[in-house]
Amino acid sequence: MEKEDKYFLIDICGTLYQSNTTFDFIRYFFSEKPWYIRLNGLRKNKLFRFCNTKAFEYLEFDCLRFLLIRHLKGYSKKHLSDMAHIFYNEYLVTVINRPVIDIIEAKRKEGIRLILVSATLDVIAKEVSERLDIPDVFSSHLSYDKQNVCLGRLKIDLLGNKANCLKSSNILEPYYGTITDNYSDLELILKSENSYVVVTDKQYQNKWEYLLKNNRYNHSFVLV
């Protein structure tokens, strides 16, 4: 039986998978499109990268993400869901972070309530939710018209807004735990009694150790 008052929050991108799933999803299907090639070139521009970083840092707005999502306009929700299914089968399964899966399964056995909390697109988060048998999921939601055709924008955006989304659903702090690789999830970690920070090398771990030096709760690192 799940311990309903104990929530273990799970990030998706970079945590469950070595992937920024929104970007990789769009790249996987559209990498040969002229518009994607132009945007990918823009992404490599140093000035654009600097401006985009600052926009995210101060405004929590990712311009490249916004532009990429615009190109999903006109696709039906069913079509995008089918694409997410293919994307999972052919790509995400190849970039799973196994140590993270092991931690999650251990928490499941303890009866802790697992909750996916990610800024990825709803169609991707739903596919991950079904594959990992984690029914509780919060994600960014694409906006659709009455015929369920994507409008190329977000209706709900969890980027930098996870804590508020959880609170509005009466999932309150302190959380039992969080597992993530995202610096933007620092707020969740500081409100979690047990946190796991996913890192790829010592440099990232050093930065996290500095950020968490005054953390009053338990935290540990997961190397992937």
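Among contacts in the protein chain (heavy atoms within 4.5 Å) between residues at least 6 apart in sequence, 65% join residues at least 24 apart. This is a predicted model, in which local features need pLDDT of at least 70 and side-chain atom pairs count only at pLDDT 80 or more, while totals for chains, interfaces and linings use all residues. Residues are numbered from 1 along each chain as its sequence is written, and side-chain values use heavy atoms, with hydrogens and water left out.

The C-alpha trace of the protein chain spans about 50 × 40 × 35 Å along its principal axes. Of the 224 residues, 47% count as buried, which is to say under 20% relative accessible area with a 1.4 Å probe, protein chains only.

The largest pocket holds about 1,600 Å³ of space. A pocket is found on a 1 Å grid over the protein atoms alone, as an open set of points where a 1.4 Å probe fits, with protein on both sides within 12 Å along at least five of seven lines; lining residues have an atom within 4 Å of a point. Of the 45 lining residues, Asn20, Phe56, Asn182, Tyr183 and Ser184 are the closest to the centre of this pocket.

The table sorts the lining by class, where Ala, Val, Leu, Ile, Met, Phe, Trp, Tyr, Cys and Pro count as nonpolar, Asp, Glu, Lys and Arg as charged, and the others, Gly among them, as polar.

| Class in the lining of the largest pocket | Number |
|---|---|
| Nonpolar | 17 residues |
| Polar | 16 residues |

Terms used:
Grid points are joined across faces, edges and corners, and a volume is the space filled by probe spheres set on the points. Buried means under 20% relative accessible area, exposed over 50%, partly exposed in between (1.4 Å probe, protein chains only).
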